[in-house]
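Student: Can we go through this structure together? I keep meeting labels and I'd like to know where they come from.

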Amino acid sequence: MRTFITYALSILVAANATLIAQSPATQNATGRVTAVAADSITIQTSTETLTLFVDSSTKVIGKGVGTITGRLKAEGRSAVVADLVQQYDSVRVKYGASADKGPRAAEIRIVVKAVRK
């Protein structure tokens, strides 16, 4: 009897793990930034245009991000996404659903910075 219960519980745990693995908690997108605002970023992928909500918990990764953040901190203000990501940058974004404003960018990785003239 004990073996049967252990076996049954193992099946339930495995089934639950499979369901969790199949639920899309986050998605990835790669594209070029077409617009940046204080609370959103819009990127053009190869198939669609995505507008993603950003907030203070959105992580930005890329060359020069630490330097810009440090400079702004020395000036007495914190960096926002619009300070770090510019139009025409190539980015890879991890995003997921938010409760109120649509898809939210959890992480923005700057792959190639746009050339400034």
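Tutor: Let's start with the word pocket. On a 1 Å grid over the protein atoms alone, a pocket is an open set of points where a 1.4 Å probe fits, with protein on both sides within 12 Å along at least five of seven lines; lining residues have an atom within 4 Å of a point. Before we use that, note that this is a predicted model, where local features need pLDDT of at least 70, side-chain atom pairs count only at pLDDT 80 or more, and totals for chains, interfaces and linings use all residues. Residues are numbered from 1 along each chain as its sequence is written, and side-chain values use heavy atoms, with hydrogens and water left out.

Student: Which residues line the largest pocket?

Tutor: The lining is made of A38, V54, D55, S56, T58, V60, V65, T69, A79, V80, V81 and L84. Two helices, α2 (65-74) and α3, each give at least two residues to that lining. Helices here are DSSP runs of H or I with at least four residues, strands are runs of E with at least two, and both are numbered from the N terminus.

Student: What is the volume of the largest pocket?

Tutor: About 190 Å³. That volume is the space filled by probe spheres set on the grid points, which are joined across faces, edges and corners.

Student: Why is D89 called buried?

Tutor: Buried means under 20% relative accessible area, exposed means over 50%, and partly exposed is in between (1.4 Å probe, protein chains only). D89 has a value of 0%, so D89 is buried.

Student: And why does K113 count as partly exposed?

Tutor: K113 comes out at 30% relative accessibility, so the label is partly exposed.

Student: What makes K113 and D89 a salt bridge?

Tutor: The rule asks for a side-chain nitrogen of Lys or Arg within 4 Å of a carboxyl oxygen of Asp or Glu. For K113 and D89 the N to O distance is 3.0 Å, so the pair passes. This pair links distant parts of the chain, with K113 in the segment after β6 and D89 in the loop between α3 (81-84) and β5, 24 residues apart.

Student: How many salt bridges are there in the whole structure?

Tutor: Four. One of them joins D55 and R104, whose closest N and O atoms are 3.3 Å apart. D55 sits in the loop between β3 (49-53) and β4 (59-61) while R104 is in strand β6 (residues 103-112), so the pair ties together parts 49 residues apart in sequence. Both partners are partly exposed: D55 at 28% and R104 at 22%.

Student: What makes β5 and β6 paired strands?

Tutor: Two strands pair if DSSP finds at least two bridges between them. Eight bridges join β5 to β6, so they pair, and they run antiparallel. V93, for instance, stands opposite I108 in β6. The two strands form a hairpin with five residues between them, and G102 in the turn has a positive phi of about 90 degrees.

Student: In which sense do β4 and β6 pair?

Tutor: Parallel, over three bridges. I61 has R109 as its bridge partner in β6.

Student: Which residues touch the most other members of the largest nonpolar core?

Tutor: A nonpolar core is a set of buried Ala, Val, Leu, Ile, Met, Phe, Trp, Tyr and Cys residues joined through side-chain atoms within 4.5 Å. The largest one has 18 residues, and I41, I43, V60, V85, V91, V93 and I108 touch the most other members. At least two core residues come from each of β1, β2, β3, α3, β5 and β6.

Student: What does S90 contact?

Tutor: Contact means heavy atoms within 4.5 Å. Leaving aside neighbours within four places in sequence, S90 is in contact with G31, R32, R109, I110, V111 and V112. S90 belongs to strand β5 (residues 90-97), and its 18% makes it buried.
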